[in-house]
Amino acid sequence: MSRGVRVTREELLRMIAILSEIESSRLDPFSVDVSNLLSRLREIIERERDVETIVLDAETLYRVSVVLGLQQRWIRDRASSLFIDAGMVYTKIIASDPKSLVTAFLQAWRPIVRLEQISVDLLLKGYQHFISRPTRGLVKGEAGPLALSRPGAYEAIESQISSELGALLAELSSMGGWVKYWDFIKAGGDRRARAYLLSYLISRGEVDVRINTLSGEIWIRAAERVLDEPRTVSLALTVGD
Amino acid sequence: MSGEELGKLEKKMAQAVALILASGHRLPGVRGWELRRRLGKNFPKILNSLDSRLKQIGLRVKTVPDPEAGPKDLDRARFYIVLQDPLMLSDIQTLGYSLDELAILSATLAYLLAKNSSAPEKELVEMLETKYPRWRVEAAIERLTRRGYLNRAEDGVISIGWRTLVEVDKQELLKAFASLSPAETLEGDVGVSEGGGGGAVDAKEQGDSSQGPT
């Protein structure tokens, strides 16, 4: 590889790195001079026509188009925020007392209304469902002792569940980072059993859950540290056959 | 509209309210396809009627389009019932909200919205530390994130959360911030901190004294 080609390659790689950084770190997309960059790309492609340069040039051009997209979005967002500068907001925050900040917020805030109580109708439906269920242990007319009444049976079940919980947590930890809930549930074995065990890990705070309400996606990951405080948010999911 | 049709519409509106409000264990609101399944393909019209009815009691139906699907796809949009009019400062304490936490939320959202909806957490905490101690700021950010007002990314960036998109009018908030001024702050401070009776007395006394010389 000639020195000229090497220099060109390094320059293109540097451009790609800068443009990628703007995209990934959400930096100001106008911090790069797109016009100069395109002129330079044109010079390079006219001078060097080897395959590697063309490929890198195409990659750079793609990154430029992404940054142009970010610039367009930036302008749209700025227009919708009435071109109010963050610096100006910062000054207002410094100069205002908490009550004024709240008063400003109240002008724009319309809280969601929701019911968080059960109705008598729902209670009755629940009760009807409860009494319609067969009594456990008497379905087949069995009058024998329950399995749990055998000595050591409870400890054996508890030990089995603990080991299964440990195995499931280890599997999730080995995946590293956030994993889609449904992908993990369907990854192997009886997915109903996996979902059931996973619900325990979530309740115990050993698995973190994140929900994107707008897209409906649920993500999970092994918790980095288990919090002492109890979890108060319920999440119900239906796992079909 | 005949009496029978009106009765059907009333029933459908009641169903829609139940679906939107009584979402049980799940997060608030309901998706369009769920409403379509229960109310039929004319669910947007039923929601319009419901909206008119709710406005009479200070509520309204809010539609939040799915960011990926766009505003025309009502099946993937999410529907909520929200307050129609702003709350008063005196309502805040009655309803059990913490004034300091709302002040932190207010400053955070205004700052984020002015920065295209996201900012590094460190930068945000430094800004809020001008008003509150760090432990309080961090605890508030944690709570607001759990409640959906903020979103914390892996790379230490805080952005606005789903609840903010539903409950807060971005332009209205920025306009309110733009109109804040130190002078107004002081005036507002007197009115609020003195309470209804105290503020009124002060104004009267000022009025009386100014009338004296004339």
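I began with the surface of chain A, where A:Ile118, A:Leu122 and A:Leu123 make a nonpolar patch of about 300 Å². The model is a predicted one, and I read every entry below with that in mind.

I then looked up A:Leu122 by itself. A:Leu122 belongs to helix α6 of chain A, residues 120-132. Its relative accessible area is 48%. Since a patch takes residues with over 30% relative accessible area, A:Leu122 passes that cut-off at 48%. The label for A:Leu122 is partly exposed, because exposed would need over 50%.

Next I turned to chain B as a whole. I noted eleven helices and six strands there. Of the 214 residues in chain B, 41% are buried. The accessible surface comes to about 11500 Å², and carbon and sulfur atoms account for 53% of that surface. I also checked contacts between residues at least 6 apart in sequence: in chain B, 54% of these join residues at least 24 apart.

I went on to strand β3 of chain B, residues 78-83. Is β3(B) mostly covered or mostly uncovered? I found five of its six residues buried, so mostly covered is the entry under a limit of 20% relative accessible area.

I listed the partners of β3(B) in turn. Strand β1 of chain B, residues 30-31, pairs with β3(B) in the antiparallel sense over two bridges. In that pairing I found B:Val30 bridged to B:Phe79. Strand β2 of chain B, residues 59-64, also runs antiparallel to β3(B), with six bridges. Here B:Val61 is placed opposite B:Ile81.

I then traced an open sheet of three strands in chain B, with antiparallel pairing and the order β4-β6-β5. Which strands of this sheet stand at the edges? They are β4 (118-120) and β5 (150-152) of chain B; each has a single partner strand, so one side of each lacks a neighbour in the sheet. On average, neighbouring strands here are turned by 25° against each other, direction ignored.

Within this sheet I looked at β5(B) and β6(B), the latter covering residues 157-160; three bridges join them in the antiparallel sense. B:Leu150 faces B:Ile160 of β6(B) across the pairing.

Last, I checked which helices pack on this sheet. Helix α7 of chain B, residues 134-146, touches β5 and β6 of chain B, and its direction makes about 105° with that of β5(B). Helix α6 of chain B, residues 121-128, lies across β4, β5 and β6 of chain B, at about 85° to β4(B).

Methods
Residues numbered from 1 in each chain as written. Chains lettered and ligands numbered in written order. Predicted model: local features only at pLDDT ≥ 70, side-chain atom pairs only at ≥ 80, totals over all residues. Heavy atoms only, no water. Patch = residues over 30% accessible without salt bridge, like charges linked within 9 Å, V, L, I, M, F, W, Y side chains within 5 Å. Areas by Shrake-Rupley, 256 points an atom, 1.4 Å probe, with all protein chains shown as cover. Salt bridge = Lys/Arg side-chain N within 4 Å of Asp/Glu carboxyl O. Helix = DSSP H or I, 4+ residues; strand = E, 2+ residues; numbered from the N terminus. Buried < 20%, exposed > 50% of the residue type's maximum accessible area, 1.4 Å probe, protein only. Contact = heavy atoms within 4.5 Å. Pairing = 2+ DSSP bridges. Axes fitted to C-alpha atoms, helices over the stretch in contact; angles between N-to-C directions.
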